[in-house]
Amino acid sequence: ADVAYNHLGPSDLDLWQFDGWSENGKGGIYFYNDRRSQTPWGDTRPDYGRAEVVDFLRDNVRMWLEEFRLDGLRWDATAYIRNIYGGNASADNVADGWRLLQTLTGDAAARQPWKLHIAEDLQDVDAITRPSEYGGAGFDSQWDPGFVHPVRGVLAAAMDGARSMESLRTAVSRGAGSPWRRVVYTESHDEVANGKTRLPAEIAPQQPGNWFARKRSTLGAALVFTAPGIPMIFQGQEFLEDQWFHDQHPIDWTKQQTYAGIRTLYRDLIRLRRNWYNTTQGLRGAHVNVHHLNDDDNVLAFHRWDGGGPRDDVVVVANVGNRSYDSYRIGMPRPGLWRVRLNTDFSGYSVDFGGQPTYNTCTDDWPLDGMPCSASIGIAPYSATIFSQDD
């Protein structure tokens, strides 16, 4: 569930000037009546220092988690709970708001520690996911702007020469060591609402279902499901919805048949991410090493692992250029046979995919990319290929 505690109303707001008292024409007893009242949604920030407000919001959290039995909560715009303008300037901090976050996440964790709390803070503040006993806000995870913006920028760039593999490396590797503390995605209601474009439409505004839009948006999906972090997709993304999100306009469900292959690709990515076949445990691990970066040819490769070894080590190769390779050499973390677990260029995902063969490959003793051995692989344009070993 999505909960918004950063403001109340502004429409149908029965608590506004509840008992007739207010100052400065503001909300009265349950709201701030000074500059702390300001939000992008009107002067409706609750007074987080008032015990009745804290009790009301805490009870609301308990209701959703305990009475409705939700698995967790996604907290809307937490930056506007802890700061007047949703930034990090200390002069504009709302100290009551920070204490509120600590109080509510702490209460929920004490009662149901297995429930997940995700902050949409978007200010890249590590303290959001720091435990409250160490001064943090106590969230389990938060949306990562350091993934979505650079990844979309790389995929949406009109020319291959404008794609930065260095920014892509940073976006992928940010989750090393603590991947569950960030949520990674290429679309959310922030990116695709109020006239903003879906990724396929940003790639190809005039033809959001064309080859380029399908190839590069699905490459983005592969990065979402293989980079360290909690993967998130937006409604309709799995069948290439290209219209921006509107409360009154449903997604186009006919696209589920039109792009049935794309939907299958998302299913296959989800299964690998979950280690469905017991061959990709590394995608559930905490470790990542972006060991190959070719900024001239727009190729990136990274190693994911949990404990390491067969059926654990995973190598992901992303080709972000419109060029195929019959034999491209990258470093591998272990010798032996590496099997293709998924290739986003598979013709079963779209009839005009599959122009470039990819294949299982054996390593040789040529060290490369800081790895003890290397292998030659086939790579399709604008595609990701995922490798792991059986033994």
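Mentor: Let's start with helix 10, whose buried residues are G261, I262, L265, Y266, D268, L269, L272 and R273. Buried stands for under 20% relative accessible area, exposed for over 50%, and partly exposed for what lies in between (1.4 Å probe, protein chains only). Helices (H or I, at least four residues) and strands (E, at least two) are DSSP runs, numbered from the N terminus.

Mentor: One caution: this is a predicted model, where local features need pLDDT of at least 70 and side-chain atom pairs count only at pLDDT 80 or more, while totals for chains, interfaces and linings use all residues. Residues are numbered from 1 along each chain as its sequence is written, and side-chain values use heavy atoms, with hydrogens and water left out.

Trainee: What do the buried residues of helix 10 pack against?

Mentor: Helix 8 (211–226), strand 6 (230–231), strand 11 (337–343) and strand 14 (383–388). Contact here means heavy atoms within 4.5 Å.

Trainee: How does the reach of helix 10 compare with what is expected?

Mentor: Its 14 residues (260–273) reach 20 Å from first C-alpha to last, close to the expected 20 Å. That expectation is 1.5 Å times one less than the number of residues.

Trainee: Why is T385 called buried?

Mentor: Its relative accessible area is 1%, and the limit is under 20%, so T385 counts as buried. T385 sits in strand 14, and beyond its neighbours within four places in sequence it contacts V315, V316, V317, V340, L342, N343 and T358.

Trainee: What makes strand 1 and strand 6 edge strands?

Mentor: Six strands form an open sheet in the order 1-2-3-4-5-6, with parallel pairing. Strand 1 (2–3) and strand 6 each pair on one side only.

Trainee: How do you know that strand 2 and strand 3 pair?

Mentor: Pairing requires at least two bridges found by DSSP. Strand 2 (residues 72–75) and strand 3 (residues 116–119) have four bridges, in the parallel sense. W75 stands opposite A119 in strand 3.
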